[in-house]
Amino acid sequence: MLKGIAAILLGVSALETTLSIALQRPLVVRPKTPLNPYPHKERVVFHEDGTFKITVFSDLHFGENPDDGIGIVKDANSTRLMRGILRDEKPDYVVINGDLITGDYTFRENSTLLVDQIMAPLIEAGVPFSSSHGNHDNHVNITHLDEILREQEIAPRSYTRSAGSGVGGVAGPGNYWVPIYATAADATPALVLWFFDSRGGVSTDGSPLPDWVDASVASWIQSETAAMTAAWGPASSRSALAFVHIPPHAIQAVQPTLNETESPGLNDDILGGGSVQDSIDHPAGRDVPFWKAVGTHIENLHVVISGHAHGNEWCAREPGQGLLFCFNKHSGYGGYDKDGWGHGVRNVVFGSPNPKQGVETWIRLENGDTRGRVVLRDSRIVI
Ligand SMILES: *[C@@H]1O[C@H](CO)[C@@H](O)[C@H](O)[C@H]1NC(C)=O
Ligand SMILES: *[C@@H]1O[C@H](CO)[C@@H](O)[C@H](O)[C@H]1NC(C)=O
Ligand SMILES: *[C@@H]1O[C@H](CO)[C@@H](O)[C@H](O)[C@H]1NC(C)=O
Ligand SMILES: *[C@@H]1O[C@H](CO)[C@@H](O)[C@H](O)[C@H]1NC(C)=O
C-alpha cells in the first residue's frame, strides 16, 4: 500500500520534472478541485510591476470558400494579422471571442483541422489563451464542442474547457472561467476571466439553435461565485472580465443613445434582428436571467466584451444594471465586411491587480493604428 503511494508520488514528481524542464521554471502540481481547474498547467500571473495585457481576437471566420483561391488568401491574411499583432503586442493572455470558423463551408471529415490553422500562431508564440464560440462555429459539420476538444488536443497552453451546466446538454459546452493570479504563489486569484456560450447557428441535424446564453447558466454563475467566495474569501478582493460572442440583448437599446465622446470607435453596424442575443422573435430577449446573474453575482466586473457585429468597436454603459460593455474588433479577413472597417484586435491592459483600479482598453488595427482608447473604472468610461 505504502509502496503504491510512493510509486504514485514518484510518478507525479517525474511528470513535474518533465513539465518543469519544458517550461523552464518550477511547476507546482496542485490537486484538481472545482476551484483549481488547471492543476497541471502553469499559472497565469500578472507581471511583477503589476501589469497584465490581454489581446482579444474575434470573428476570425476561417474556412470560407475552400474551393476557390479567395478562401485560402483570406485565411492566410488572417494568419498574417495574428502573427504580426502577437509579435508587436506581446500579450500576456489571448482571447478568441467566437466565430473562429465559418461552419457553413466545412466538411465533416476535416472541419476541425481549421482549429489547427487558427491556433498555430498562438502555439508558436507560446502565449496562454482561451476561446469562446459563436453562431458560425455551430453548423452541420462542426460544433462548439468539436472545436473545444480539438483545441485541448493540440494547444498545450489553451485554458478553454467545459465547466458549466451545459456540458453535454442544452446550455452549450463553452461556459467556464479562468483564474489569473497576482503572483504564482498566491492562494487565490486576483482576476477571473468568464466565458459564456451564446450558442446560435445550426445544429448537426440542420435545425436552428437558440442564440442566447441559457437560463441554466444563471444558476451556474450563482453557485460558482458562491463557491469562490466560500473558498477564496470576499469577492471584493478580485475583479473580473466576461467574454460572450453575441452581445447581450440589452445592448441593442444602448446604440441609439450613444454619446460619441464617451464611446469612441467605429459605430457602423446597426443592431437589428440577429445581432444581439435572442433578438429575432422575442422582444425582451431570453438572455435576461443570464444578464441579471452577471450583474448580480460577478463583483468588480470591469467589462463584458462581445464580437459578432463586425462594424462596431465602441464601449458603453448599459443603463439597466450599470454594466460596461465593449465590442471587439473584427480580426478575420473572412466574415462580412465593408471597405474602411479594417481588421484588428481589442487590447485590455491592467495597471495593477488591485480590483478597484480601472483598466485601459483600445482598438489596434493590423497596420498599428489605434483608436477608441478609454479607461473603464467604477462602472464608468473615462476618456
Ligand atoms: C489580403 O491582404 C492583402 C494585404 O492587406 C489585401 O490587399 C487583400 O485584399 C487581402 N485579400 C483578401 C481576399 O482578403
Ligand atoms: C458536410 O460534410 C459532408 C462530407 O464532407 C459534405 O458532403 C456536405 O456537403 C457537408 N454539409 C454541409 C451542409 O456543408
Ligand atoms: C477539407 O476537404 C475539402 C474537400 O476535399 C477541401 O476542399 C478542404 O480544403 C479541406 N479543408 C481543410 C481545412 O483541410
Ligand atoms: C457626452 O459625454 C461628454 C463627456 O463625458 C460630456 O461632456 C457631454 O456632455 C456628453 N454629451 C451629451 C449630449 O450628453
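How many nonpolar, polar and charged residues are in the shell around ligand 2? By class, that shell has 2 nonpolar, 2 polar and 3 charged residues. The structure is a predicted model.

**Ligand 2**

- The residues surrounding ligand 2 are D104, T106, F107, R108, E109, V140 and N141.
- N141 contributes a polar side-chain atom that lies 2.4 Å from an oxygen atom of ligand 2.
- From R108, a backbone N or O atom lies 3.1 Å from an oxygen atom of the ligand.
- A polar backbone atom of T106 is 3.4 Å from an oxygen atom of ligand 2.
- Ligand 2 taken alone exposes 360 Å², and 51% of that is buried by the protein.

**Disulfide**

- The count of disulfides comes to 1.
- C315 is joined to C326 by a disulfide, with an S to S distance of 2.0 Å.
- The link of C315 and C326 is right-handed, with 105 degrees about the S-S bond.

**Burial of the cysteines**

- C315 counts as buried because its relative accessibility is 3%, and buried means under 20%.
- C326 also counts as buried, because its relative accessibility is 0%.

How values were computed:
Residues are numbered from 1 along each chain as its sequence is written. Chains are lettered from A and ligands numbered from 1 in the order in which they are written. This is a predicted model: local features need pLDDT of at least 70, side-chain atom pairs count only at pLDDT 80 or more; totals for chains, interfaces and linings use all residues. Side-chain values use heavy atoms; hydrogens and water are left out. A residue is near a molecule or strand if one of its heavy atoms lies within 4 Å of it. A polar contact is a pair of N or O atoms within 3.5 Å; within protein, one must be able to donate a hydrogen and the other to accept it, and residues adjacent in sequence count only if both atoms are side-chain atoms. Accessible areas come from the Shrake-Rupley method with a 1.4 Å probe; for residues, only the protein chains shown count as cover. Ala, Val, Leu, Ile, Met, Phe, Trp, Tyr, Cys and Pro count as nonpolar, Asp, Glu, Lys and Arg as charged, and the others, Gly among them, as polar. A disulfide is a pair of cysteine sulfur atoms within 2.5 Å. Buried means under 20% relative accessible area, exposed over 50%, partly exposed in between (1.4 Å probe, protein chains only).
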